[in-house]
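Please open the model in your viewer and keep the sequence beside it. The tour below goes from one selection to the next and says what is found at each stop.

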Amino acid sequence: MCICVDCRWVDRCQAYHAVERQHGAPHLTPHPDFRPVEPRIHVQVLDLAAGGVGVEWDVRACASFAPDPGRWQRLRPGEACPR
């Protein structure tokens with residue numbers, strides 16, 4: 001799970017912006033202005049049906065993480081939260 005969804009910086013963060021890009025997800029902001037300190041991005045290669053391969057990107061640790069539970073969901077009410 002990406003810790004960013006519960007971080008106060010999620011809508012301004014350059015690392016989360018990169019994760020959104022890798023997932024092909026719409027960006028919370030087009031020009032993030034927050035540069036996180038020591039984000040740790042976990043990349044997992046997944047076997048998919050019919051022999052396909054998928055890639056999952058998640059920020060698992062970050063020195064800039066500032067807890068704000070539910071921040072992403074408040075920014076995108078009614079949408080499924082990426083977990």
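Searching the whole structure turns up one aromatic pair, and this is the place to begin. Select Trp9 and Phe34, whose ring centres are 4.3 Å apart with planes at 5 degrees, so that the pair counts as stacked (rings of Phe, Tyr and Trp, the last by its six-membered ring, pair with centres within 6.5 Å; planes under 30 degrees apart are stacked, over 60 edge-to-face, and the rest tilted). The pair links distant parts of the chain, 25 residues apart, with Trp9 in the segment before helix H1 (14-23) and Phe34 in the loop between H1 and S1.

The model is predicted: local features need pLDDT of at least 70 and side-chain atom pairs 80 or more, while totals for chains, interfaces and linings use all residues. Residues are numbered from 1 along each chain as its sequence is written, and side-chain values use heavy atoms, without hydrogens and water.

Staying with the pair, colour by accessibility: Trp9 counts as buried because its relative accessibility is 17%, and Phe34 is buried at 15% (buried is under 20% relative accessible area, exposed over 50%, partly exposed in between, with a 1.4 Å probe and protein chains only).

Helices (H or I, at least four residues) and strands (E, at least two) are DSSP runs, numbered from the N terminus.
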